[in-house]
Amino acid sequence: MTALETLALRVHEDLKRITPLTRPWVPPRQLPNGEPALDVLIVGGGQCGLATGFALLRARVTNILVVDKAPRGLEGPWMTYARMPTLRSPKEYTGPDLDVPSLTYQSWHEAKYGEAHWQALFRITREDWAEYLLWVRDTVGVPVRNETEVVGIAPAGDLLAVTLRDADGKETVRHTRKLVLATGQESMGRWSMPAFLEKLPAALRAHNADPIDFEALRGKRVAVLGAGASAFDNAATALEAGAAEVHLFCRRPKPQLVQPYLWLTFQGFLRHFSELGDVWRWRMMSYILGLREGFPQPTWDRCARHANFTLHGGAPWLDAREVDGQIEIDTPQGPFRADFAICGTGIEIDPSHRPELSRCAANIASWGDRYTPPEAERDARLARFPYLGPDYQLMEKVPGETPWLRHIHLFSIASTMSFGASGSSINAMTTAVPKLANGITRALFREDIETHWASLKAYDTVQAEMRLPVPA
Ligand SMILES: Cc1cc2nc3c(=O)[nH]c(=O)nc-3n(C[C@H](O)[C@H](O)[C@H](O)COP(=O)(O)OP(=O)(O)OC[C@H]3O[C@@H](n4cnc5c(N)ncnc54)[C@H](O)[C@@H]3O)c2cc1C
């Protein structure tokens with residue numbers, strides 16, 4: 001038996017010790033044709049979808065399914081568009097383990113490489129993180145169906161009818177009582193790029209989340225827009241692939257060096273931010289998201305060690321066009337020519353871009369609908385973030401038009417204005433996932449209260465006999 005198999009047995013033993021002797025408790029639901037409905041369908045099998053599935057299994061909500069459009073092992077950014085050798089966050093952060101010590105990354109790493117290796121480790125490689133997530137999924141038995149995309153969500157009585165499309169394009173409909181959107185960075189919109197770049201041919205520009213043929217950039221002049229960690233990672237990848245020059249353009253005079261997500265990693269914030277009123281939630285999250293995420297030291301060093309790397313501060317891109325097969329970019333310092341441009345410009349919140357939300361996108365309440373901050377704190381970008389209910393549910397802009405939104409829970413970076421760090425970083429998972437799972441179990445329990453009442457009244461299992469004489 002391998003050390004990892006032994007560790008998996010220890011996880012099972014630990015889970016037995018902390019899981020009370022309770023049974024699956026959600027009354028089964030059937031459609032009129034006899035087809036069983038799921039209790040919870042989780043869209044997205046990245047770390048947040050997996051951890052949510054695990055939390056529900058621990059709460060004995062077992063009639064669940066996770067679907068992910070990606071093939072197994074390619075969920076989320078880690079083995080696709082993440083272009084850093086190691087995670088950016090400290091190795092000690094825990095998350096998908098939901099506080100089970102044997103399920104932590106450290107336990108996995110020590111089983112695989114030994115304790116000394118863990119001690120010497122600086123940051124977790126993204127390959128190891130991806131492998132660890134698969135191990136967690138298999139060890140705790142979260143049911144995941146890969147290569148299955150959710151392309152539509154519609155109301156069906158008090159259920160949701162969810163259209164699933166498999167890798168062959170075949171569509172089926174599954175019904176569920178609750179749905180969790182753990183669909184990652186683009187969950188409520190899309191990767192954003194200035195419109196003047198978007199209209200240029202794809203051979204000249206890409207977003208940092210796109211597949212990019214870096215080998216083809218050997219000997220080329222590359223321009224990168226943005227100064228977040230992903231922009232630097234893409235610049236470094238181009239440099240390492242042999243680009244002749246890489247120029248990174250930062251809108252601000254200097255890149256952001258502070259990482260606010262390190263500041264917010266304390267239990268008070270992680271547990272209770274979402275309980276604050278709108279004034280404080282807006283004030284704190286708009287400050288944090290306004291700062292944007294700073295990059296860690298290795299990210300900078302990876303670029304700066306190349307003499308052909310240039311950072312341009314105070315240099316937003318104002319316009320761009322194709323000239324002689326190159327891209328010509330207007331900056332306040334004048335025009336700049338490059339062979340290829342990479343945009344590290346983040347996401348744009350706009351649910352109308354999501355096919356699965358086409359029936360409700362227009363009625364999803366945003367922060368802009370619900371709260372008007374003081375003049376000095378206004379921010380149109382952040383006002384588009386969804387304004388979520390206390391259990392991560394989507395809320396209606398116009399009450400009564402799409403009441404079924406209350407069955408859809410959003411767990412992603414788009415939840416951050418309402419919940420602080422939650423689906424957006426590893427450090428928040430051990431507090432955020434149980435909060436989400438509690439919200440779902442609360443709704444499932446309350447909605448079935450009549451059934452539970454009938455069950456209680458019908459309960460006649462005796463636990464003792466009045467035996468006489470009492471056996472010695
Ligand atoms: C490049 C990068 C590096 C990061 N590094 C760190 C770090 O070091 N530390 C840290 O704490 N955080 C980091 N983060 C932030 C965060 O931890 C990650 O974004 C993480 O992947 C979030 O997990 P998730 O499960 O919410 O989303 P994801 O991992 O993105 O998973 C979402 C899944 O949903 C699936 N999906 C989407 N739409 C559908 C659909 N309609 N139907 C079916 N499936 C669908 C996708 O295929 C995907 O697998 C990083 C983020 C990025 C982008």
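**Notes on the strands, salt bridges and a surface patch**

1. Let me start with the open sheet of three strands, ordered S12-S13-S14 and paired antiparallel. Strands here are DSSP runs (E, at least two residues), and helices are runs of H or I with at least four residues, both numbered from the N terminus. Two strands count as paired if DSSP finds at least two bridges between them. S12 (319-323) and S14 (334-338) are the edge strands, each with a single partner strand, so one side of each has no neighbour in the sheet. Ignoring direction, neighbouring strands of this sheet are turned by 25 degrees against each other on average; the axes are lines fitted to C-alpha atoms, for helices over the stretch in contact, with angles from 0 to 180 degrees between N-to-C directions.

2. A word on the source: this is a predicted model, in which local features need pLDDT of at least 70 and side-chain atom pairs count only at pLDDT 80 or more, while totals for chains, interfaces and linings use all residues. Residues are numbered from 1 along each chain as its sequence is written, and side-chain values use heavy atoms, with hydrogens and water left out.

3. Back to the strands: S13 (residues 326-331) is joined to S14 by five bridges, running antiparallel. Within this pairing, Ile327 stands opposite Ala338 of S14.

4. Strand S2 (residues 64-67) deserves a look of its own. Ile64 and Val66 point one way from S2, Leu65 and Val67 the other way, and all are buried. Buried means under 20% relative accessible area, exposed over 50%, and partly exposed in between (1.4 Å probe, protein chains only). In a regular strand, side chains alternate between the two faces of the sheet.

5. What are the partners of S2? Strand S1 (residues 38-43) pairs with S2 in the parallel sense over four bridges, and Val40 stands opposite Ile64. From S1 the chain crosses through helix H2 (residues 47-58) to S2, a right-handed β-α-β crossover: with the strands pointing away from the viewer, the path from the first strand over the helix to the second runs clockwise. S2 is also joined to strand S3 (residues 144-145) by two bridges, again in parallel, with Arg145 of S3 as the bridge partner of Val67.

6. Now the charged pairs. The whole structure has 28 salt bridges, each a side-chain nitrogen of Lys or Arg within 4 Å of a carboxyl oxygen of Asp or Glu. One of them joins Glu75 to Arg137, with the closest N and O atoms 2.9 Å apart. Because Glu75 lies in the loop between S2 and helix H3 (105-113) and Arg137 in helix H5 (residues 126-140), this pair ties together parts 62 residues apart in sequence. Both Glu75 and Arg137 are buried.

7. Arg283 and Glu377 also form a salt bridge, their closest N and O atoms being 2.9 Å apart. Arg283 sits in helix H10 and Glu377 in the loop between helix H12 (367-370) and helix H13 (380-383), so the pair links parts 94 residues apart in sequence. Arg283 is partly exposed, at 31% relative accessibility. Elsewhere, salt bridges with shared partners join Arg29, Asp158, Arg177, Lys178, Glu447 and Asp448 into one network.

8. Arg126 and Glu127 meet through their side chains in a salt bridge (4.0 Å, N to O). Arg126 is buried, at 17% relative accessible area, whereas Glu127 is partly exposed, at 37%.
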